[in-house]
Amino acid sequence: LRLIYTTTAVQRKNVGASGPEKYTEAFIKKQIEEFNLGKRHLANMMGEDPETFTQEDIDRAIAYLFPSGLFDKQARPMMKHPTEIFPEQRKIQWGEDGRPFHFLFYTGKQSYYSLMHETYEKLLNVQKYQDQLAAQDLPPRKEKRNLAGSRWLTKIELEEMLLEKLSDDDYSRFIQLLQKLMTLPCGDIEEKHIQKFCKEVPAQLQKVVFEPLKYDERGVAFSTGEGTRKTARASAIVYDNGTGKITVNGIDILHYFPVLQDREQLLFPFQFLDRVGKHDMVCTVSGGGRSAQAGAIRLASAKALRSFVTEKEVEFMRQAGLLTFDPRVKERKKPGQEGARRKFTWKKR
Amino acid sequence: RLTQVRWSRYNPSFIEPEVNKELYQKPWEELSEEEKEKMELKAVQPIKAAPPSVSSSVFSDPMISKFTNMMMKDGNKILARSLMAQTLEAIKRKQLEKYHKAPEDEKGTIECNPYVIFHQALKNCQPIIGLSSITKGGKTYQVPVPLKDNRKRFLAMKWLITECRENKNRRMLMPEKLSQELLQAFNNEGPIIKKKHVLHKMAEANRAYAHFRWW
C-alpha cells in the first residue's frame, strides 16, 4: 500500500489512528537502504562514479531510461529519497498495553496543546522575571527586535511542523500568544523559542533598476515611463526645464480631458514632488475609457519621474500609491446572475 | 471549493496608501518613536495604488469626496462633482454678500471659507446617540445606542441629501438648496438640526430600554 507523494496537511484521515498505512521505522530504514543500493546500481549503469551521484543526476538518468509523455510531472516515474516520498508520519502513539505515551493524547491534538502549554509557561517565566527586576528596581531591558524583516509561520507550515491538522481558530490563538510574548519588555529571554516560529521575509520589494537620464539633441534631459490601467496603455516622456505643458496624443490636456478629475490625476505626481511648472510632458495613450487613460498616464509619468528624483522621494511616491499598478479590472458576469454581482429579481412563486 | 463573496484584486498583505504630502515632508528627527516604527514597517510592505478620486492637492478633501459619492446617481460622477463645485461657489457668494453688507465690527465673525462651513455644518448635524431595534420576547423595542464615528458622519450626510432632494420648490436647483441647508446647519438652525434633536429626544424618551443593549 503506497501513499502518493503529498504533504501531511492534505491528508484528512485521523493521523493518530493505527491502520495499514502506518510505516514502521524498520520499513523506512529498509527503503533507505534499497534506495542507496539502487542509486549505486544506477550510477554503474550510466557509467558514472557511484560516490558522486547526486539527486539531479538520478533525475536525469530516470528521465532518460523511462521516458514518459505524461503531462503531470508527479505522475512520471521518479526515484527520490524515501523521506521525500513517504510523508513524515507520527509513530504509533501508544505502547503495547494500549496506554498512550503523551499525557495529552486524548485531546486529539496533542502536539498543538503541548506547544500552547509550553509557550504559556514561557510567558509566565517572563512575567516572573519582570517582577523580579521590578522588585530590585532595575529598569527592564528594551531591545526591540526588527519586526519588519520577519513574519510568522503560516498555518500550513505550522501543521507540517506539528504533524497535526489545525483549525483557523487554533492557529490564530497561537499567533496571538506569540505576539503577546514578544510585546513584553523582557521577552528576549525566550528569544530561542520564538525564533522557531519566525521566518525571514526577503525584503526584495524594491528591485527597481534606476535608469539614468537620457539627453536629446538640444541637451535637455528626459526620461520615459509606461503605465497601464484596465485596458488603457500609456507611454510618457518627461522633459526637464519645461513650463509645465502636457500634451496627450498631440492634443493639449485641456482639450483631451475636459473633466477636472482627470487633469488632477495627471498633475498628481508633479504636485506631490512640488515640480508642477518644471517639467514638460508628451504622452501617447490608447484603449480604455476616460478615467482609465488618466490613471495609465499618471502611472507612466510617475515611473518617468523616478529618474529625476532622490531615492527617498521615490520611496515616498511608492507609499503614496503612485507607483503601484492598479490590478482592478471589470469583474466577469456569472451565469445565473444578471451582472457580476446583481442577481435576477427574486420571485416568491 | 468556496470563494469569498467580498474579495479584492489585491493580495491581503497590501496596505492603503497615504497621500498627505505634509507627513512625508517632516524631517526624520521630528518623528516620534511610533511613527518611525510605522515608517520602517511600511518600507517592507507592498502598497495599493491610489484611487482616482484622491490627489495630494489642497482641493481634494476626503469628506467632500465621500459626500460627492453619496450624491452621485447611476455612476455619474461628473455631474455630482459639478453640483458640489456649484454648491461651494454658491456658499462663497452668499457669505461674501453678507460680508460686504455687514458693519465693521461684525466682519471678523463672518466665515467665508466654504470648506470650513461644510465641515462645521456636518459636525453640527451629527447625532450622538441613535436608536436600534432589538427584538426581545416577541416585541421590538427602540433602544438608544451610542453610534460609531463613521455611522454619525454617514447619517449627517444622508439626512442632508434626502432633505435637499425632497423638500425643495419645483424650480430650485440642487446647489442652491444645498448651500441654503448648509448655511442653516452652520448656524444650528434648519430642518436637519431639528431632525437630530427629534432623534435625541426619542432616545431620551426610550431611556428605560437602554439595558437591552448587550454590546
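Predicted model: local features only at pLDDT ≥ 70, side-chain atom pairs only at ≥ 80, totals over all residues.

Residues are numbered from 1 along each chain as its sequence is written, chains are lettered from A and ligands numbered from 1 in the order in which they are written, and side-chain values use heavy atoms, with hydrogens and water left out.

**Exercise 1. Find how many helices and strands chain A has, and how much of the chain is buried.**

Step 1: Helices (H or I, at least four residues) and strands (E, at least two) are DSSP runs, numbered from the N terminus. Chain A has 11 helices and 8 strands.

Step 2: Buried means under 20% relative accessible area, exposed over 50%, and partly exposed in between (1.4 Å probe, protein chains only). In chain A, 37% of the 349 residues count as buried.

**Exercise 2. Trace the open sheet of chain A and find the helix packed on it.**

Step 1: Two strands pair if DSSP finds at least two bridges between them. The order of the 6 strands is β3-β4-β5-β8-β6-β7, with mixed pairing.

Step 2: At the edges are β3 (214–215) and β7 (251–252) of chain A, each pairing on one side only. β7(A) pairs with β6 (residues 246–248) of chain A in the antiparallel sense over 2 bridges, and there V248(A) stands opposite I251(A).

Step 3: Contact means heavy atoms within 4.5 Å. Helix α10 (residues 290–305) of chain A packs on the sheet and touches β4, β5, β6 and β8 of chain A.

**Exercise 3. Describe where chain A meets chain B.**

Step 1: Count the residues: 33 of chain A are in contact with 34 of chain B.

Step 2: Buried area is the accessible area (1.4 Å probe) that two parts lose on being put together, summed over both. Between chain A and chain B this area is about 3,000 Å², and carbon and sulfur atoms give 54% of it.

Step 3: Q261(A), E264(A) and Q319(A) supply 20% of the area that chain A buries against chain B, more than any other three residues.

**Exercise 4. Decide whether K177(B) is buried or exposed, and list its contacts.**

Step 1: Locate K177(B) in helix α7 (residues 174–186) of chain B.

Step 2: K177(B) has a relative accessible area of 7%, so this residue is buried.

Step 3: Leaving aside neighbours within four places in sequence, K177(B) is in contact with E163(B), C164(B), N167(B), K168(B) and M172(B).

Key:
Axes fitted to C-alpha atoms, helices over the stretch in contact; angles between N-to-C directions.
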